[in-house]
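Me: I would like to learn how to read a structure with several chains, one feature at a time. Could you take me through it slowly?

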Amino acid sequence: MVGQILFIIIAAFTLLMGLGTVVARNLFHAALFLVGVFFGIAALFILLEAEFLAMAQIIIYIGAIATLIVFAIMLSKGMMGREAGAYNKQWYFAGGAMILFFGLLSWLLVKMPFAAANASAPDDAIQQIGSGFVGHYVVPFEVASVLLLVALVGAIMLARERN
Amino acid sequence: MDLRALGESFVAMLENVGIPHGWVLLINWILGAVILLGVALLLAIFLIWFERKIAGRVQDRLGPNRVGPYGLIQPFADALKLLTKEDITPDNADRITYNLAPIIAVFHIIMLFAVIPFADKVVGANINVGILYLMAFGALGSMAMLMAGWASRNKYALLGGFRVVSQLLSYEIPVGLAMLIVVLMRGSMNLNVIAQGQGGLFGLGWYVWILPAVFIMYFVAALAEGERAPFDLLEAESEIVAGYNIEYSAMKFAWFYLAFFLNTWVLSAVAVTLFFGGWQGPFAAQIPALGVVYFFIKVFIMFFVFAWVRATFPRLRIDQMMSFCWKVLVPMGLALFLAVAIILKLGLPSAVTYALLFVVNIVILVVTLKLLGNYTRDLPKNKNKRLFAPELPRL
Amino acid sequence: MLVQQYGLIGVFAVIAFIFPIVTLAFTWLLRPKRPNPLKNSTYECGIETVGDAWVQFRAQYYLFALIFVVFDIEAIFLFPFAVAFDKIGLFALVEAIIFVFILVVGLIYAWKKDALEWQ
Amino acid sequence: MNYPSVFNLTWLIPLPTALAFFAIILFANPKKRLSSNIAVGAVILAWIMSWAVAIVFFLNPELTEHPFDLNAPWLPMGTITFHMGVAVDAVTAGMLFMVGFVLTMIFIYSTGYMSFPGHLDPAKYPDAAKEGLDPRYSRFFAYISLFATGMLGLVVANNLLMLFIFWEIMGLCSYLLIGFWFDKSYPDPKQITPKQAGLKAFLTTRVGDVLFMMGLIFLFIHAGDLNFQAIFGNQEFLHELSTSTVNLPFFGAVTWAGLISMLIFWGAIGKSAQFPLHVWLPDAMEGPTPVSALIHAATMVSAGVYLIVRMSPLFSAAAHGGSGVMMFVAFIGAFTALFAATIAVAQKDIKKVLAYSTISQLGYMFAALGIGAWVAAIIHLLIHAFFKSLLFMASGSVIHGVEHGHHHVHEHGEHGHEGYFDPQDMFNMGGLLKRMPVTGWTFIIGGASLSAFPLITAGFWSKDEILAHAWADGHMAVYWTLAAGAFLTAFYTFRQIFLTFFGSPRTEAAEHAPESVRAMTWPLVALAFFALFGGFVAVPEDFPVIGGLASDFMAKLMEMQGEFYGLHVAPAGFNWTPALISMTLALSGIVVAWLVYGRKPLAAGKPDPLRKPLGPIYTILENKYYFDEFYHLVAVRPTLWLAQFFFLFDRNVIDRIVNWVGALGRWLAAALRRWIDEFIIDAAVNGAGLVTTWTGAVVRLIQTGQAQNYLLILLLSVVVLLLLIPLK
Amino acid sequence: MTVPLSWYLIFATALFSLGFFAVLSRRNAVAVLMGVELMLNAVNVNLVAFWRYLTPSDLSGQIFVVFVFTVAAAEAAVGLALMISIYRTRKTINVDEINDLNL
């Protein structure tokens, strides 16, 4: 019961923030709303007993990605100003399709029978994640570092100011 | 006196009165939260006095001495003044963001108190990801600064915000690496467990003896994380007036100010927990209340060192500061991480392992300082060269 | 166990967030309110503000944030690894070393391309 | 089973060239010679390793019963884990032997070939012109190194997923290399440029690849694994696959095995340029000649054959299940073999002839696979690679020589440039044997091998085996089609030889053509050796006189391997009738070529003597049966037209209507100003304008160039799919 | 476990739809990117919810989320760098003005 109320509060907060991200004309405000979304999702991770992910969510999304977005906004002056229109011409069409999509998908998901396992989360989850990285998931683990390297190189190439 | 027993008996009392378990829990949490908040606020007020006193003494002044004995009441007087001062919001400011920034600034610092172990198990929330929690809520601070700088709609504020966030982000990496190495040693991210692990041999089990270079890296990076001299670029009046909080006044400014001191205190507390055994000390195991005393003594000594450094050193240039982070601390941290990981996997007896770790730490520290020294010695010759120009083969 | 600990954090978060708001509201009641246009103008050392404050910044800031992001994620990968360190074998260590090494290559690249220079 | 330790090298084989690719791209790029040295060094390393593995396998034929297989988990996807691994069986060993060697030869050849190209303006690239090397020399070696990785990886891969990945890497390299001289253009706008040719190759093979991927997905759904051993070692699974059926629209019930193998075969059709997806290969000749030799003759195009060879257990299972897929393979192969050979007869571009002959020879291999002559197909695949890469490289040498001769003439100012000179046109050559003896003789050896000149060439033994099988197994239609193809093959090959090397030079350029540099001629000689003697690894035991003398160990090895995979691989046995027929046809082809082109050398400026007797047929052949035009008409044009339509519709029709309505309105307003209220006119005009905007907005959604529109269409498709689920 | 799994799934769907809507209809490229981040977050919620409810003993769900973090960060880094670079040359990052996909 308490869990449900908590979930509703957090989910409502997150969706509200998400809505703010989508509708805010000012990009900086949109970014702040986005931070709110990230925070709400971290809280949901706690509800789901994934504490490591909750913290990682805050560290990476708020500490790193949101900051990156704000920096990028600042780097392109005029992006945050009042512009002619925040939306393109197809927004109403997209909105309708989106609502349809949401309705259909959630209807399907509710109907879908999932076999829930009534087990509790393991106590040594973090340890298991750590050994997963260097065990079963070692190739993705190494590929992740390559991906980061490539992203770093690419982004530096793109963003660098050449004199 | 056992603090835990106190808490437990309190819970038992409430349940005996007949309050349902859920509500007892809630009351317990609220009580804990209020206590933590109170500790934080009192500390902040005391720290302001403490630091001003130290700075005064170091610089051959008296420091605050008028209001109350030794000027002890001074911070309260300041607080009263700030509470009643006129609050100016610039017309251009983005109001909601402008008002939210100081709230978040103080919120994120106060949140950090929840995981600091004041004594064995005397900790707000004994979570398994304590270290990550510190990093997570620490990262929130940069968001507050960006908000403040942006919402003020002032070039200096924005510039100051950006500079300080760049600095905080950069120095978060060495801090994180230092924490990572400690986690590697202990095998847990729970701060209480980490402090427990440093009990042996009358303080010789403190990680500062085993990993001196890691501690020094942490300390230097923490100076920058706390925006303290010699890394206090945000307050470089000659360059950017007063940083991101230039447009703030009265209580909103006070919150930034408070956050600044609390930040330093938390960084000291983390340093003590990670490297100086936390609450560990003679008889702390028998009398848990002693642990709190030891902990606060250690933290204040640590804080004193921070304040001492601040009062003594001149400020670095921002390019020097960033280069120092990325070209000295980060490589050093990565080298330490790899060295520690390899040594721990060698499977030697623990005494030998610790000795080896110490030696390797010293070696890495000496090598780093030597390279740095060579560079600064050659500085006049390479005036046109970049700071710490890499000696890599041309590709 | 988990709920116990995070319950406190949740309550604490609410209180820690509300408290500054309360104080700000409190001072709003106490403090004098006598604004005037000059007082409320942007402070730039007494000089008239030129142009919008939201000026365009140099890409240098972005580059630092970028390198930070990469190393931040590296840390997120390595923390669980460090926690599981006792339980895993030598080969896993080698894998982690490769992981770190690849990112060191990135650092060297950034260094070479002067992305670490504050200009 | 204890494997020789050298097999552990297998997974290293694709590695050196991959590293070379990265080394060149990242570091060595500015230094041309260093780049080519890195690439050649890497490929030599790969060659040594692949020969080590291959030869050890040849020496241990018992390994065919226990193919080497090394697996490592690669992509864990929840409960499914894709594996990465290498396997060595007789087919792999044979391919490694061929690929390693041919790759090396072509790499060495390329160091000589990639000199400063004639179509570039030396003034624009002064540095490269001074060095005498292509401005993008390093890039070329990077690309072919990556290609080598793709080919070697494909050969050693032990599962279909990896095979597909390397397959696509090769496709990418092929695209990049065909369009290598992307800045080249021709005075004739109809002539395809390298840029277009690359695109064409990429898009055409994509058709096959998509079907191939669908086949893979179906196979994966059924097998849960893509490892060759896991799929083909499991007879029950194959049996089940060949008996369970699926209902398809238009086709009715087909077995799963039939469907999957058909889809996979389409991948092979695309890659190996079989009818009807053959159109890209001749245009792929726009790439540098080493590329044609390497990718579009010896290795990549034969990957399609290799794929079918690998998948043969599935195909034969499908055939057992009553599916006609093997017949289809045989039909496509035989038809292509004859069809491409007829086109080759009327081509004048030296490389295009070879391109069509490649298509034709690949058709032979598919036909062999279709009739169950598994061993013969493999042997022909290996031997064909040697002589065809030889032919291509020799033709490249010829082109090079003629181009040099042309420049020589040009520099000495004896004749100015009179328009465009095509150094690949055989009618611009003649008498080159005297000027370029090494090239000429090796070309003749290769040509003889291609024509299956009896007894002394490798091509005879391999091709004869296919024909013998077709005869022995009673596939008469296939036999006669292939035999006719053999006649044409001999004819066009010697037509080419006579036109190029004999008679007297027909242009100044040919007269001054010099012999190519050593780096180019030595690989020719090395390959000529295999083109001559390579066949002596598969001489049928019961062949008269020399049957027992020469070895047939390769055929034996492949037979053992085929038996292991449960295929029927009994040798055809020697039969005088088909052997004599095919020998006669080959020799008569040569004789006819001599009668037409060799006896009386063609004079300069004269048309092809075939043109007159063949009449309109010649024109049809010359235009490749108008296939390009046909595809252009049915596939390319409608797409472009649709896009253009919406654009032009908007621009012309609607705008015109608006303008017209507007003009009408103005006219009406002027004429009827007094009687008609201005309001109505305005409303009409505005209304028309609005209608235009709406219509335009709707129809132009199709081709806006805006990613968001495309994404919206994607979303709508997903919504439609979601709607289908409840409907079902 | 008082919250049914479907609540999480519907929540994630809603968040995903919001993000996709931003991607489809915002003009500013950075806003589009934020929409992508929303979508990725929705996916993460799904992954964690499935892990918690269906396979709590197998940590694959959580590990996948970390990889999604990585991808999201790389995407944001490169995407934003692209925008900075585009902005530098074109002085706009409105998606509907960048229509070079148009032939």
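Predicted model: local features only at pLDDT ≥ 70, side-chain atom pairs only at ≥ 80, totals over all residues.

Me: How many residues does the contact take from chain A and from chain E?

Reply: Two residues are in contact if their C-beta atoms, placed from the backbone, lie within 7 Å. By that rule the contact takes 73 residues from chain A and 61 residues from chain E. Helix 3 of chain A, residues 51-75, provides the largest share of the side of chain A that touches chain E, with 11 residues. Helices (H or I, at least four residues) and strands (E, at least two) are DSSP runs, numbered from the N terminus. That side of chain A divides into 57 nonpolar, 15 polar and 1 charged residues, where Ala, Val, Leu, Ile, Met, Phe, Trp, Tyr, Cys and Pro count as nonpolar, Asp, Glu, Lys and Arg as charged, and the others, Gly among them, as polar.

Me: Which element gives the most to the side of chain D that touches chain A?

Reply: In this contact, which takes 14 residues from chain D and 14 residues from chain A, helix 29 of chain D gives the most to the chain D side, with 10 residues. The residues on that side are 12 nonpolar, 2 polar and no charged.

Me: Which residues of helix 3 of chain B are buried?

Reply: A residue is buried if 20 or more other C-beta atoms lie within 10 Å of its own, exposed if 12 or fewer, and partly exposed in between, with C-beta atoms placed from the backbone. In helix 3 of chain B, residues 74-84, the buried ones are B:Gln74, B:Pro75 and B:Leu82. They cover an arc of only 95 degrees around the axis, so they lie on the same side of helix 3 of chain B; the arc is that of the directions from the helix axis to the C-beta atoms. These buried residues pack against helix 2 (21-58) and helix 11 (250-275) of chain B.

Me: Which residues touch the most other members of the largest nonpolar core?

Reply: A nonpolar core is a set of buried Ala, Val, Leu, Ile, Met, Phe, Trp, Tyr and Cys residues joined through C-beta atoms within 7 Å. The largest has 298 residues, and those touching the most other members are A:Ala31, A:Leu68, A:Ile69, B:Leu132, B:Ile181, C:Leu66 and E:Ala77. Leaving aside neighbours within four places in sequence, A:Leu68 has contacts that include C:Leu66 and E:Ala77. Another core, of 230 residues, lies apart from it, with D:Phe101 and D:Tyr113 among them.

Me: Is D:Leu532 buried or exposed?

Reply: D:Leu532, which lies in helix 22 (residues 518-533) of chain D, is buried, because 22 other C-beta atoms lie within 10 Å. Not counting residues up to four places away in sequence, D:Leu532 touches D:Ile445, D:Ile456, D:Thr457 and D:Ala458.

Me: In what sense do strand 3 and strand 4 of chain D pair?

Reply: Two strands pair if DSSP finds at least two bridges between them. Strand 3 (residues 245-248) and strand 4 (residues 252-255) of chain D pair in the antiparallel sense over 4 bridges, and D:Leu248 stands opposite D:Gly252 in strand 4 of chain D. Their hairpin has 3 residues between the strands, and there D:Phe250 takes a positive phi near 75 degrees.

Note on methods:
Residues numbered from 1 in each chain as written. Chains lettered and ligands numbered in written order.
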